[in-house]
Amino acid sequence: MEGVDLSAVSLRPFRISDADDFLSFAGDDQVTRFMRWNTLASREEALATIRDVCMPHPWRRAVCVGDRCVGFVSIWPGSGDDRCRADIGYGVAREWWGKGVATRALRMTLSQVFGDLPDVLRIQAFVGADNKASQRVLEKAGFTRDGLLRKYAYLKGTLQDLYLYSFLSTDVVPAAAD
Amino acid sequence: MEVHDRQIAPAQGGSSGGVISLRPLQLSDVDDFMVWATDPDVARFCRWEPYTSRDDALAYIAGTVLPHPYHRAICLDGRPVGVVAMERNEVASNACRGELGYVLGSGYWGRGIMTEAVRLAVAEVFGGARPELERVEAVVDVENKASQKVLEKAGFRREGVMKKYFVLKGKTRDAVMFSRLATDDDS
């Protein structure tokens, strides 16, 4: 497998100057295919999304390789009686697939996020039953598969069976053994 | 086992000792409502604390029950002994699923009444009361074995255990996810 020096992977808040990098993956149908996002169509949309969604977000990080933004990780905490759990979403630019970048970004996220969001005790991910690549990323990052939720939600108009994965604040993040 | 007079509808619960039916809960049902709503055994796994005031019960019926997308009194021989409800998700991509909730007066536990009420409710929602629903789901505390048995007997499938899923009365709880689809065969 082609190597990336995974120590060059970092997480940081989004910046307005990430707009072009952001558009290059958020404007790619192959990346947004399994996501709730609509594919971005212009630099203006990328700027607006960074300004209006990424920057005020409870916990969203740019995934960087070196100084270049190649993806994102989002954590959406619940509120009220659901405040102990949070949903995770992530995406990486197509040219960085298959190199361990997403797995590394998730492991880094899991090492940080429980400290940043102390009410959160459970992080969960909903993954399409046919999205094998994302299931592998979650498993390598240490998530447990809780089960298959049948006909759980629509994704872009199609009714989906979704696997539910979870990682608890008491779970151990696997050491980087790539 | 005694055999009671059979009726086509409402449904007959074999060992329940009466006829089980569903109908909307009204303000005039408040005194029956207070029987289960004040009972700490009933409230144990619910998000709410036992009611202490009839006025609070009336406000709840008026504000939450009457406008609810699907809420029914469980009646035994015409008298409310519990409720069953199906929530609605406002986000369009989640509208295919509804979460089921139910309570029954503790004096009526262990007689198959809740299982029958759940069956009736599922048939109503999939039969036209909630045409957008593909999936009915229930999230049950891991310690609430009686409720898990109700769902198993009512033909729900256990999909998995979700640890530290929600906070109940200040404590983090593990929960079991159950579901029944509009396309599931009768069990």
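The lining of the largest cavity comprises eight nonpolar residues, one polar residue and no charged residues. In this classification Ala, Val, Leu, Ile, Met, Phe, Trp, Tyr, Cys and Pro are nonpolar, Asp, Glu, Lys and Arg are charged, and the others, Gly among them, are polar. The model is predicted: local features need pLDDT of at least 70, side-chain atom pairs count only at pLDDT 80 or more, and totals for chains, interfaces and linings use all residues. Residues are numbered from 1 along each chain as its sequence is written, chains are lettered from A in the order in which they are written, and side-chain values use heavy atoms, leaving out hydrogens and water.

**Cavity**

One cavity of 30 Å³ or more is found in the whole structure. A cavity is a set of points on a 1 Å grid over the protein atoms alone where a 1.4 Å probe fits but cannot get out, and lining residues have an atom within 4 Å of a point. Grid points are joined across faces, edges and corners, and the volume is the space filled by probe spheres set on the points. The largest cavity holds about 30 Å³, and its lining includes F72(A), Y90(A), G91(A) and L106(A). Strand 3 (68-77), strand 4 (85-92) and helix 4 (101-116) of chain A each give two or more residues to this lining. Helices (H or I, at least four residues) and strands (E, at least two) are DSSP runs numbered from the N terminus.

**Interface**

| Item, chain A with chain B | Value |
|---|---|
| Buried area | about 2,100 Å² |
| Salt bridges | three |
| Residue pairs in polar contact | twelve |

Buried area is the accessible area (1.4 Å probe) that two parts lose on being put together, summed over both. Carbon and sulfur atoms give 51% of it. R150(A), K151(A) and Y152(A) supply 34% of the area that chain A buries against chain B, more than any other three residues.

One salt bridge (a side-chain nitrogen of Lys or Arg within 4 Å of a carboxyl oxygen of Asp or Glu) joins R47(B) to D81(A) at 2.8 Å, N to O.

Methods
Polar contact = N/O pair within 3.5 Å; in protein donor to acceptor, adjacent residues only side chain to side chain. 1 Å grid on protein atoms, 1.4 Å probe; cavity = no way out; pocket = protein on both sides within 12 Å on 5 of 7 lines; lining within 4 Å.
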